[in-house]
Amino acid sequence: GRHKDRFERLAEITGDLKVLAKDLMVPVLVLAQRTRGAQRRDDPTPQINDADAPSIERDGDIVLAVWRKESWLRQNRPHKDAGAEKHGNWETQLALCAGKAQVISLKHRRRKPFEERTLKWIGKLTRFEELT
């Protein structure tokens, strides 16, 4: 059908997916990219409204965010004039999060939200593994 804007279109899609999942009694996995504006916040950790689609939060039973702080740090390298201390802190943080990804539970109907798990990230294979 015709929709006024993308929010209405997304609301119809997520609603239809929820009905389909209930009818077929199967889980449905929906992937959504967060908005670029979320990466410019002071705290870049993913939040429930980052996908810019309120219907995802409303219709989803579980909403997970996968976040690689390493990627964010590489995009936000301190300027050369920032000083050695700031650059040193950046390098330390980068080393601590290298090859890791956080999976954050932003919403869970049957558990408490905001549980977090750190996994090993193998970018070459686009794969997550348990940390050893």
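## Ser-105 and its contacts

Ser-105 is in contact with Val-63, Leu-64, Lys-112, Pro-113, Phe-114 and Glu-115, leaving aside its neighbours within four places in sequence; contact means heavy atoms within 4.5 Å. The residue lies in strand S2 and counts as buried, at 8% relative accessibility. Buried means under 20% relative accessible area, exposed over 50%, and partly exposed in between, with a 1.4 Å probe and protein chains only.

This is a predicted model, in which local features need pLDDT of at least 70 and side-chain atom pairs count only at pLDDT 80 or more, while totals for chains, interfaces and linings use all residues. Residues are numbered from 1 along each chain as its sequence is written, and side-chain values use heavy atoms, with hydrogens and water left out.

## Strand pairing

Helices (H or I, at least four residues) and strands (E, at least two) are DSSP runs, numbered from the N terminus. Two strands pair if DSSP finds at least two bridges between them. Strand S1 (62–67) and strand S2 (100–108) are antiparallel and pair over six bridges. Within this pairing, Ala-65 has Ile-104 in S2 as its bridge partner. Strand S2 also runs antiparallel to strand S3 (residues 116–122), with five bridges joining them. Ala-101 has Leu-119 in S3 as its bridge partner. Eight of the nine residues of S2 are buried, so this strand is largely enclosed by the rest of the structure.

Strand S3 pairs in turn with strand S4 (residues 127–129), in the antiparallel sense and over three bridges. Lys-120 has Glu-129 in S4 as its bridge partner. The two strands S3 and S4 form a hairpin with four residues between them.

## Residues with positive phi

Thr-126 is in the loop between S3 and S4. Its phi is near 50 degrees, a positive value in a residue other than glycine. Thr-126 counts as exposed, at 61% relative accessibility.

Met-25 also has a positive phi, of about 55 degrees, although it is not a glycine. Met-25 lies in the loop between H1 and H2 and counts as exposed, with 74% relative accessibility.

## The largest pocket

What is the volume of the largest pocket? About 1,500 Å³ of space lies in it. A pocket is found on a 1 Å grid over the protein atoms alone: where a cavity is a set of points at which a 1.4 Å probe fits but cannot get out, a pocket is an open set with protein on both sides within 12 Å along at least five of seven lines, and lining residues have an atom within 4 Å of a point. Grid points are joined across faces, edges and corners, and the volume is the space filled by probe spheres set on the points.

The lining has 44 residues, and those closest to the pocket centre are Val-30, Leu-31, Ala-32, Val-63 and Leu-64. Helix H1 (6–24), helix H2 (54–59), strand S1, helix H3 (69–75) and strand S2 each supply at least two lining residues. The largest share, six residues, comes from S1. By type, the lining divides into 26 nonpolar, eight polar and ten charged residues. Ala, Val, Leu, Ile, Met, Phe, Trp, Tyr, Cys and Pro count as nonpolar, Asp, Glu, Lys and Arg as charged, and the others, Gly among them, as polar.

## Ala-32 and Pro-54

Ala-32 is found in the loop between H1 and H2 and counts as partly exposed, at 46% relative accessibility. Apart from neighbours within four places in sequence, Ala-32 is in contact with Ala-51 and Ile-56. The C-alpha atoms of Ala-32 and Asp-50 are separated by 9.4 Å, with the two residues 18 apart along the chain.

Pro-54 lies in helix H2 and is exposed, with a relative accessible area of 55%. Pro-54 and Phe-7 are 47 residues apart in sequence and 7.8 Å apart in space, C-alpha to C-alpha.

## The largest nonpolar core

Trp-67, Trp-72, Leu-73, Trp-90, Leu-94 and Cys-97 are the six residues of the largest nonpolar core. H3 and helix H4 (84–97) are the elements that give two or more residues to this core, and the largest share, three residues, comes from H4. A nonpolar core is a set of buried Ala, Val, Leu, Ile, Met, Phe, Trp, Tyr and Cys residues joined through side-chain atoms within 4.5 Å.

Not counting residues up to four places away in sequence, Trp-67 touches Arg-34, Pro-44, Thr-45, Pro-46, Trp-72, Ala-101 and Gln-102.
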